[in-house]
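User: I would like to understand the terms used for a protein model. Please take me through them.

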Amino acid sequence: MDDWIDYYDSTHTIYVSKLHRDVHFRQIAEDIAGYIPSSEATVLDYACGEALSAGRVADACARLILAEPAPGVRGRLIARFAPNIKIRVRSLDDLRHMDEHSVDLAVMNSVAQYMTAQEFDTALMVVGRLLKPGGRLVVGDILRPDIGMAQDVTALLRFALAHGFLGDALWGLARTALSDYRELRSKIGLQRYGEAEMIGKLTAAGFAASRAPKNIGHNPARITFVATKKN
């Protein structure tokens, strides 16, 4: 995961334009907010990235913890959300020192593909310790073994057409083909999980899990799982 952390902590070009970046984070925030059980809930966004629209999530809960491994991104989160008393920014190491059973909902969106299987299992243990009995974990944007880059490109172009940045998307795809992202994806690869395999991993970590009807974010070829912590 370290190479991917370094990439996202750099000045990368994963978003083709400011509009792409803004609508991307807005949709994710709206999707996450739909899982919040009550306005009194404590929510953890694990490896949250830039989380530009986290204020929308915070509006729907009592406390939002943004946990981010990349130090540069974490610094920007602290500066961006300092005025919002509902939001706290933490490192992933900080989570190990939080109180057990202190979180109602945890979200790991577009994270598992950047982890080794062992790193993901460790993350599930950390999150499982924090969740209250009956609390939920949402694992989103999982790449399936039968889905490749072509489906990702198609999903991006449809998203761009719907939100008015198709020209930027076409140019951005050409730029990405020559970027560090493409090189990293080719060299390291992305972790993929079938439905049964992911449910098996979540079950082994102490959850009752099922596939959600809709993925978090814009890509319908990827999948999301909802897991409830067993008592």
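Analyst: Here are a few terms, each set against its rule. This is a predicted model, where local features need pLDDT of at least 70, side-chain atom pairs count only at pLDDT 80 or more, and totals for chains, interfaces and linings use all residues. Residues are numbered from 1 along each chain as its sequence is written, and side-chain values use heavy atoms, with hydrogens and water left out.

User: Why is Cys 48 called buried?

Analyst: Buried means under 20% relative accessible area, exposed over 50%, and partly exposed in between (1.4 Å probe, protein chains only). Cys 48 has 10% relative accessibility, so Cys 48 counts as buried.

User: What makes Cys 61 buried or exposed?

Analyst: Cys 61 has a relative accessible area of 0%, so Cys 61 is buried.

User: How many disulfides are there?

Analyst: A disulfide is a pair of cysteine sulfur atoms within 2.5 Å. By this rule the count is 0.

User: Which residues of helix H4 are buried?

Analyst: A helix is a DSSP run (H or I, at least four residues), numbered from the N terminus. H4 covers residues 71-81, and Val 73, Leu 77 and Phe 81 are buried there.

User: Why do you say that they line one face of H4?

Analyst: The arc is that of the directions from the helix axis to the C-beta atoms. The buried residues of H4 fall within an arc of 45°, so they line one face. Pro 71 and Ala 79, on the other side of H4, are exposed.

User: What is in the largest nonpolar core?

Analyst: Such a core is a set of buried Ala, Val, Leu, Ile, Met, Phe, Trp, Tyr and Cys residues joined through side-chain atoms within 4.5 Å. The largest has 32 residues, and Leu 137 is one of those with the most contacts inside it. Helix H6 (residues 117-130) gives the largest share, 6 residues.

Note on methods: Helix = DSSP H or I, 4+ residues; strand = E, 2+ residues; numbered from the N terminus.
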